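Let's take a walk through this structure, starting with how its chains meet and ending with a look at a single residue.

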Amino acid sequence: MSGITFIRQLAEVVLAIAIAPLFSGWIAQCRAWLQNRSAPPLLQPYRMLDKLFHKDAALAMDASALFRATPYVLFGAMALAAAIIPSLVTDLPLARVADAIALIGLFATARVFQSLAAMDIGTAFGTMGARREMMVGFLAEPALLMVLFNAFLVFGSTALPDLVDGYAAHRAAVDPSVIFAAVAFLMVLLAENARLPIDNPATHLELTMIHEAMLLEYSARHLALVEWASSLKLFNYACIGFALFLPWGIATHGQDGGLPLFLAFAALIGKLALAGAALAFVESLSAKLRIFRAPEYLAMAFLIAVLGLLVHLLLRA
Amino acid sequence: MVHDLRFLLILVTIWVVLGLAGLLGLHSIRLERLLFLLGALVAFSVAVLAGMFLAAGGTAQVLVLPLGLPDLPFHIRLDALSAFFLLLVGVAGAGISTFAAGYFRSGEGTAPALLGLQYHVFLASMAVVILADDAYLFMVAWETMALSSYFLVTSQHRIPDIRRAGFLYLIMAHVGAICILLSFGVLQGGSWQFTFDAMRGASLTPFWATTAFLLALLGFGAKAGLVPLHVWLPEAHPAAPSPVSAMMSGLMLKTAIYGMLRISFDLLHVRLWWWGALLLALGLFSALYGAIFAAVQTDMKRLLAYSSIENIGVIFTGIGLAILFETSGLRLFAALAFTAALVHALNHALFKSLLFLATGSVLHATKQRSLGKLGGLIRHMPWVATLALVGTLSIAGLPPLNGFVSEWLLLQSFLFTPQLPHAFLNMLIPLGAAALALTVALAAYVMVKFYGVIFLGQPREASLANARDANWLERLGLGWLALGCIVIGVLPQLALRSAAAVTGTLLGESVRPSATVWWIAPIASGQASYSGLILLLGIVGVVGVAFVLVRFLAHGRVRRTATWDCGYPWQTSRMQDTAEGFGQPIRHMFGGFFRMERDLPSPTDRAPRYRIHIEDRLWRGIYLPIARGVQRLADAIGVVQSGRLSIYLLYSFLTLIALLIFVLL
């Protein structure tokens, strides 16, 4: 690979890692405004990370190596995913490493590691969180696959760069099934990233938490890495959503100059700002579901995605 | 060159000789240990030979052996399909035999020499099943395989439950064998030649082809554990010693897959599209069924047995898709689905053997099979725990390990189903892909339960603190299988290339084994691509950089303290989630699948006890009615048995009269 593509690849990863906490901070800010609270500063997540990195790690007596390694694995998986997802440019050397299905697999790897680490100490909360996390995971995956199936039917590929290029090629003919897919994807995004209505990112009420329950035993730098990885995960999901449904502005094949890159960056920031506000809005409108309503919620996401698929097949026939 | 086939025959013979050699010292563990190691070496050689044969392109070699009945010599044949399955048997067999050398000790219920004999005959008969080129030799080897494995399952024959499990297995094996025999009877198509060559040449009408296919499906489905013929699997696999469970689950089920592929893609020339739809539906149902039942098990080996049903279902799904594509003329996609099925068979042989063997080590170290009495073993058995983690992640279908590769291939082939010319089916099949995704994700749930409850958390019994790690032979066997999982995961090209030789000869089309050295793109380079190697390197790279940066910019201080748990100070191992607890959401969501009996303690109980019993609905729905019917029939026939000699003489007399009338007329 040439030097310039390599630098672009590196720049994309570093950018993703750098602004992922900002995105989480922005959502928290929007939520606070919508709920009539005074908002935390936009840079609060960075201060949090800085504080955590400088604390001493308190580790439970019988935590195994798996428990200590997991934060790094999570962070590594999410950073790698950020390198594969075309958030700024589609012409990335690593983009061919995994198509969208393999990306879901990568997220699943992270989820399994996190659940195993939560079971490592053997506390009631940790194991309960692990069980619930895996449950939400297996319910969300069929819906997500249907969304990708739909994208494949419309554009003939499951590789994200191809999808973005496909949009650029025939922007006018947007398929109506995509709208269904987008709704289903949004529902899955909320569930997979431990947000309302499945989980509450701000909760510390023991019996209702899923994601937080798995992190209870982590502290200091380990906690910082896990938190950073979760904000990266949200960022990655948002970028997958952009690539699937709002690919405008991403520099496609051949657009190599500085201007497309700058435009892509501006578009990304704009989309993130809007998406963050929209997420906060959706979350403020919804109440947390009982854990046993989660299957219904995700079955709904699945059915909407299937509906989109049928719409596509019927319109084509 | 016929050399490969000759060498393979010699190797198979060595297995038998090794088995017999053990009889020189009936109770000598040392002798058996040596023989098992030699057996592992033979298995390794089989794998190497088969691999080289596939790499050379896989031109068929045939041989007629001067054995068997007069005028019925044994025919054997080595082609790409049999070489692929020999590769599977060799690679997994080498690991299992090495482990077995360290595992078997006296007091397993049967003398070590007999175990060794049965074990090696079992291995050799599987190889012969795969090499056989006529129905006669195939059935002889098939029955040898069933009998030797029956004796291995019942090696603890003094326990009544194990005898029962073995008997159930024997019945199912024989019902299946009858169906296979009948299928061969149909396949010869009136020529009365039972060589596979004659069957390839026979021309069958669609009706008889369908009959042969359905009989084969019944026979091989019973062996593979396809729902609803799966009932023997969760009984027999836990009953057997762990290396035998590994052999049965990892290898023997694959011989049934082999038979299915051999009959439907090689011996039969007529294929109908609805066969594929049938296999697809059965496969998906089995996969989902197996995964759901695995999630509610509390015995670690039963859990793995149900997970085998799930994986067999996944393989059958691939075969079904291949038939659907092939009958519609979409050969490239047929090759893709076929490749997915083959690679998944290979992967399952590796990771399922690995996990069964790991349960063997746990069983020896703790004497416990119930998940409710294990826990925290990662601290006492780090070797087994680490190697089992590789198997767990593989079977959960996670990149960059091998289980993901085959599942990815299968999902990719699902993506092309809208090109099939069946409009109605096209609307249904995407739901099949969703069912597959659900199954794969459920498998991850099951494996988190399996690993988390056994190896993580607090030990649920005080005696677990004395658990000792596996010995070096066991570690070597586990390590070999784990290595296989990793290698196929990061270099799927190797498996794809071997499978390409098979699809090339059977379908006349193969997927592209690799786009570049780095990644695979089975359909076209512009299409979906995947690279396990770069994923692994990427994660390792980022983890390394992150680790160094954290240490360099921050610090690495660690303070060991008590568990936090929201400040709750009083922790016991009983407060962790149990295997039952992990099954609870599944019981809640998929309640229709089970028959459940529960005793819930009342709030005033002095000694509260919680008991739950979960049963397969099919057991009461299908098997007990059949058993009752047979019983009733036997009772009805029993009427003629009065026990008096004069009556029996009268029967003979009447029969004679009837025959005489028949002859005279």
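Keep in mind that the model you see here is predicted.

**Where the chains meet**

On the chain B side, 78 residues are in contact with 79 residues of chain A. The size of an interface is often given as the accessible area lost when the parts come together. Between chain B and chain A about 6800 Å² is buried, and carbon and sulfur atoms give 70% of that. Three residues, Leu415(B), Met427(B) and Arg560(B), supply 9% of the area that chain B buries against chain A, more than any other three residues.

What about polar links? There are 27 residue pairs in polar contact between chain B and chain A, counting pairs with both residues at pLDDT 80 or more. Several elements of chain B each bring at least two residues to the side that touches chain A: helix 14 (382–395), helix 15 (402–415), helix 16 (423–455), helix 19 (532–553), strand 3 (558–561) and helix 20 (579–589). Helix 16 gives the most, with 16 residues. Sort the residues on this side of chain B by kind and you get 50 nonpolar, 21 polar and seven charged.

How many salt bridges does the rule find across the interface of chain B and chain A? It finds two. One salt bridge joins Arg131(A) to Asp577(B), with the closest N and O atoms 2.8 Å apart.

**A closer look at Thr505(B)**

Now zoom in on Thr505(B), which has its place in helix 18 of chain B, residues 492–507. Is Thr505(B) buried, exposed or partly exposed? Its relative accessible area is 47%, so Thr505(B) is partly exposed, since exposed would need over 50%. Setting aside neighbours within four places in sequence, Thr505(B) is in contact with Gly58(B) and Ala80(B).

| From | To | Distance |
|---|---|---|
| Thr505(B), C-alpha | Gly58(B), C-alpha | 8.2 Å |
| Thr505(B), polar side-chain atom | Val502(B), backbone oxygen | 2.9 Å |

In sequence, Thr505(B) and Gly58(B) are 447 residues apart.

Key:
Residues are numbered from 1 along each chain as its sequence is written. Chains are lettered from A and ligands numbered from 1 in the order in which they are written. Side-chain values use heavy atoms; hydrogens and water are left out. Contact means heavy atoms within 4.5 Å. Buried area is the accessible area (1.4 Å probe) that two parts lose on being put together, summed over both. A salt bridge is a side-chain nitrogen of Lys or Arg within 4 Å of a carboxyl oxygen of Asp or Glu. A polar contact is a pair of N or O atoms within 3.5 Å; within protein, one must be able to donate a hydrogen and the other to accept it, and residues adjacent in sequence count only if both atoms are side-chain atoms. Helices (H or I, at least four residues) and strands (E, at least two) are DSSP runs, numbered from the N terminus. Ala, Val, Leu, Ile, Met, Phe, Trp, Tyr, Cys and Pro count as nonpolar, Asp, Glu, Lys and Arg as charged, and the others, Gly among them, as polar. Buried means under 20% relative accessible area, exposed over 50%, partly exposed in between (1.4 Å probe, protein chains only).
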